[in-house]
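User: Please take me through this model in short questions and answers. I would like the cut-offs stated as we go.

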Amino acid sequence: MIIDKLAKKGHLTKLAAIIVLALSISACGNAGNKEEDSAATGNSGAASDIKEIVEFKYPDNPGFDLVYLADELGYFDGTTTKPKYVGKIAAPQIIPLVGTGDIDFGSRMVPLVISAIASGADIKVVSAGGKTLQEAPHMKYFVRDDGSIKTPKDLEGKTIGFNSFGACAEFVSKKWFKEQGVDISKIEFLVVPDDKQEQTLEQGGIDLAIIHAPFSGKAEYNEKLVKLWSDYDLDGGLGGMAPYSVNGKFAKEHPQAVKDFVSAIAKTANWVNENPDEAKGIIAKRLGVDVKYIDRFAYVDDLVVTEDPIQYYIDILEEYDKIPKGKITVKDVYTNEFNEFARKTAAITGTDKESGSDATT
C-alpha cells in the first residue's frame with residue numbers, strides 16, 4: 001500500500017531507498033541465521049577448520065633457542081600448539097621444572113635428563129639439539145690474558161666458572177681434565193650464569209670461564225681474555241647435543257601438540273643450518289647486542305636423536321657414581337616417535353632403528 005502511494009506520487013527515490021533497506025535487513029537476518037545455525041551444528045567450513053590450540057609453557061630466557069626462532073619465523077602458525085612464555089628460568093632449574101610439569105618443554109644437556117629419569121622424573125628427550133662443529137662449538141674455555149694458565153695442569157688450585165652442575169660443562173671438562181693428568185679434586189667449580197661469566201672472569205672472580213654460545217662470541221672479542229679450547233677440542237663434539245625434553249604427562253595428554261612442536265623446531269633447525277647469518281641476526285635483535293658477538297649455531301639434521309651422545313653421558317654418570325650402573329638404558333631416555341622426519345625415514349627404510357621408546361605409553 002505504501003509502495004503504491006509513493007509510486008503514484010512519483011516519489012521513486014524514497015521507494016528505491018525502502019526497497020534497498022528491506023533487502024538489506026533480510027540479507028542480514030539470513031546471514032545471522034546461517035552463522036547461528038553453523039555455530040550450533042558445527043557444519044560451517046570455517047568452524048570445521050578451527051583447531052584446538054594447546055599452549056606449552058616455556059622459559060623466556062636470553063639465548064639462542066629454536067623455540068624463539070620458530071615463533072619468530074611463524075613455524076607454529078597453523079599447528080595445534082604455540083609457546084606460552086613463563087619468564088626467565090635459571091638453567092639448573094629447567095629440567096627439574098619439566099619433570100614437575102611447571103614447564104612443558106626444556107632444552108638442557110643429556111646428563112641432566114638422565115639423572116632426572118634415574119630419580120623417577122616423568123620426562124623424555126623428544127628431539128636432538130645442537131651439533132658441535134669446529135667452527136660452531138657448543139662451549140668455549142676462556143682465561144685472562146696474563147699467561148698464568150696455559151695448560152690443563154695449570155688449573156689445579158684455580159676456580160672454574162660454569163653454568164650448572166650436572167651438565168656438559170662439568171662432565172665433559174672433568175673427563176678431559178682427568179685424561180690430561182689433572183687432579184680435579186684440586187679445582188673449585190663455581191656456578192656462574194653464562195651471561196655473567198665474561199665479567200666475572202675479567203674481574204678475577206674465577207680463573208677459567210666455560211661459556212656457552214651465544215655469549216661466548218662476545219668474550220672472544222674481549223682483549224683482556226684469551227680462548228684456550230672449545231668442547232670440539234675435548235671430545236670432537238660428542239657431548240655437545242643439547243636436546244629438547246618433554247614432560248611425560250603433557251606428552252600423554254597432547255601427543256599432536258608434541259608432534260607439532262618437534263616438527264616446528266626441526267624445520268627451524270634445518271633453516272638455521274642453511275641460513276646461519278640470518279639466524280644470528282634474529283637472536284642478536286632479541287638479545288639487543290651487536291650481531292658480530294653472536295656465535296654460529298649448528299643443529300643435528302632434522303633433529304633426529306641418535307644414541308651415541310646419550311650413551312656417552314650414561315657411561316660418565318655411572319663412572320662418577322651419579323647413577324647406579326645399569327639402572328638407565330639409552331632407550332629409557334629418548335624417543336623419535338614424535339619426529340615426522342624420523343617416521344618418514346623409518347617408513348621408507350622399513351625399520352625403526354634408533355626410534356626409541358614410545359613416550360605416549
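User: Which helix holds Ala-342?
Analyst: This is a predicted model: local features need pLDDT of at least 70, side-chain atom pairs count only at pLDDT 80 or more, and totals for chains, interfaces and linings use all residues. Residues are numbered from 1 along each chain as its sequence is written, and side-chain values use heavy atoms, with hydrogens and water left out. Helices are DSSP runs of H or I with at least four residues, strands are E runs of at least two, and both are numbered from the N terminus. Ala-342 sits in residues 340-349, helix α16.

User: Is Ala-342 buried or exposed?
Analyst: Buried means under 20% relative accessible area, exposed over 50%, partly exposed in between (1.4 Å probe, protein chains only). Ala-342 has 15% relative accessibility, so the residue counts as buried.

User: Which residues does Ala-342 touch, not counting those up to four places away in sequence?
Analyst: Contact means heavy atoms within 4.5 Å. Val-304 is 38 residues away in sequence, yet 6.1 Å away in space, C-alpha to C-alpha. The residues touched are Val-304 and Asn-336.

User: What relative accessibility does Gly-106 have?
Analyst: Gly-106 belongs to strand β3. Leaving aside neighbours within four places, its contacts include Tyr-58, Pro-243 and Tyr-244. Gly-106 counts as buried because its relative accessibility is 0%.

User: How many charged residues line the largest pocket?
Analyst: On a 1 Å grid over the protein atoms alone, a pocket is an open set of points with protein on both sides within 12 Å along at least five of seven lines, where lining residues have an atom within 4 Å of a point. The lining has 42 residues, and Pro-62, Ala-91, Ser-107, Asn-163 and Asp-194 lie nearest the centre. Ala, Val, Leu, Ile, Met, Phe, Trp, Tyr, Cys and Pro count as nonpolar, Asp, Glu, Lys and Arg as charged, and the others, Gly among them, as polar. The lining splits into 24 nonpolar, 11 polar and, for charged residues, 7.

Definitions and conventions: On a 1 Å grid over the protein atoms alone, a cavity is a set of points where a 1.4 Å probe fits but cannot get out, and a pocket is an open set with protein on both sides within 12 Å along at least five of seven lines; lining residues have an atom within 4 Å of a point.
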